[in-house]
Amino acid sequence: MRTTAPRRTARRNLVGAGAAIALLAGVVTGCQSDGAREPGERGAEAAPRWNTQPASIAAVGDSITRGFDACSVLADCPEVSWATGNDPAVDSLATRLLGDAEAPARSWNYAVTGSRMADLPGQLASAAAHKPDLVTVMVGSNDACRPTVSSMTPVAEFRTGFEKALTELRAASPSSQVYVSSVPDLQRLWEQGKDSPMVRQIWKLGICQSMLADPLSAASGATARREQVRAQVVEYNEVLREVCGKDPLCRYDGGAVFQYPFSAEQLSRWDWFHPGKDGQARLAELAHRQVTAAEPPR
């Protein structure tokens with residue numbers, strides 16, 4: 001059984017912050033010694049440090065994190081979730097960090113298929129009850145995947161929802177780290193399946209029509225529609241980056257999921273849109289690499 005290093009506690013962060021405040025007070029009142037720090041070094045102890053070996057994980061988000069359509073048609077399959085699953089073929093983030101024996105008791109999946117950013121605060125509230133060391137967030141695909149382009153979640157509303165969700169998480173669980181995955185490039189997924197007659201028939205059932213409607217159409221309207229959806233996803237990812245960047249215990253993936261070149265073999269064989277087992281494994285690999293990195297992605 002793999003073991004993990006002891007997790008950092010909120011008490012350590014408070015001790016570090018107290019030391020920084022005491023140092024700053026000494027400087028302000030003129031109580032400096034010959035060994036006083038240079039101005040650029042003051043307060044360095046106050047910055048919380050990212051724990052690369054969290055000992056508990058909660059996952060929130062949408063159908064991707066629930067493993068939807070990865071095992072059978074129109075069904076969740078959380079056992080293959082990139083974040084908390086237990087399928088050896090996926091080797092989820094929880095398994096990689098906590099080990100096979102510890103992961104079931106120390107990981108929780110509160111993602112819900114069909115969720116949008118507006119649903120994130122409720123999911124994070126459930127996650128915060130466990131005071132997890134790490135919370136993974138993957139949300140936004142359903143905000144762009146709407147029946148029409150005009151019904152996509154406005155970017156300003158998306159931002160407000162994410163800010164609210166993080167603020168409430170901080171109030172409920174101040175020391176939980178947050179790993180935020182970028183929204184996948186939906187246009188890349190369209191490119192992988194559009195040339196298959198069978199896939200086009202499946203997409204007609206209502207999957208992400210803002211992007212996938214009339215998949216073979218090269219008319220200017222259809223092309224502009226797809227570009228508009230992709231542009232919206234890019235803006236969502238910029239919101240995730242900016243808002244996460246203001247929280248010292250939040251790490252955005254730097255666009256890793258958006259940039260990943262998913263192939264047809266890594267997508268669900270039932271809808272050619274959601275990640276299949278291999279796609280879930282790639283998501284787990286990306287997340288593990290970045291959660292355990294000493295520095296955030298640039």
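Which residues in α4 meet which residues in α6?

**Figure 1. Confidence of the predicted model.** The mean pLDDT of the protein is 88, and 84% of its residues reach 70 or more. Residues 1–44 have a pLDDT below 50. In the model, this stretch has 38 contacts beyond near neighbours in sequence.

**Figure 2. Crossing of helices α4 and α6.** Helix α4 covers residues 120–128, and helix α6 covers residues 155–172. Their axes come within 9 Å and cross at roughly 15°. Angles under 35 degrees count as roughly parallel, and α4 and α6 are therefore roughly parallel to each other. The crossing of α4 and α6 is right-handed.

**Figure 3. Residues in the contact of α4 with α6.** From α4, the residues are L120, P121, L124 and A128. They meet G161, F162, K164, A165, L166, E168, L169 and A172 in α6. By class, this contact has 9 nonpolar, 1 polar and 2 charged residues.

Figure 4. The relative accessible area of Q280 is 0%. Buried means under 20%, so Q280 is buried. With neighbours within four places in sequence left aside, Q280 is in contact with I64, G67, V80, S81, W82, V90 and P275.

Methods
Residues are numbered from 1 along each chain as its sequence is written. This is a predicted model: local features need pLDDT of at least 70, side-chain atom pairs count only at pLDDT 80 or more; totals for chains, interfaces and linings use all residues. Side-chain values use heavy atoms; hydrogens and water are left out. pLDDT is the predictor's confidence in each residue, from 0 to 100. Contact means heavy atoms within 4.5 Å. Axes are lines fitted to C-alpha atoms, for helices over the stretch in contact, and angles run from 0 to 180 degrees between N-to-C directions. Helices (H or I, at least four residues) and strands (E, at least two) are DSSP runs, numbered from the N terminus. Angles under 35 degrees count as roughly parallel, over 145 as roughly antiparallel, 65 to 115 as roughly perpendicular and the rest as oblique. A crossing is left-handed if the near helix is turned anticlockwise from the far one by less than a right angle, and right-handed if clockwise. Ala, Val, Leu, Ile, Met, Phe, Trp, Tyr, Cys and Pro count as nonpolar, Asp, Glu, Lys and Arg as charged, and the others, Gly among them, as polar. Buried means under 20% relative accessible area, exposed over 50%, partly exposed in between (1.4 Å probe, protein chains only).
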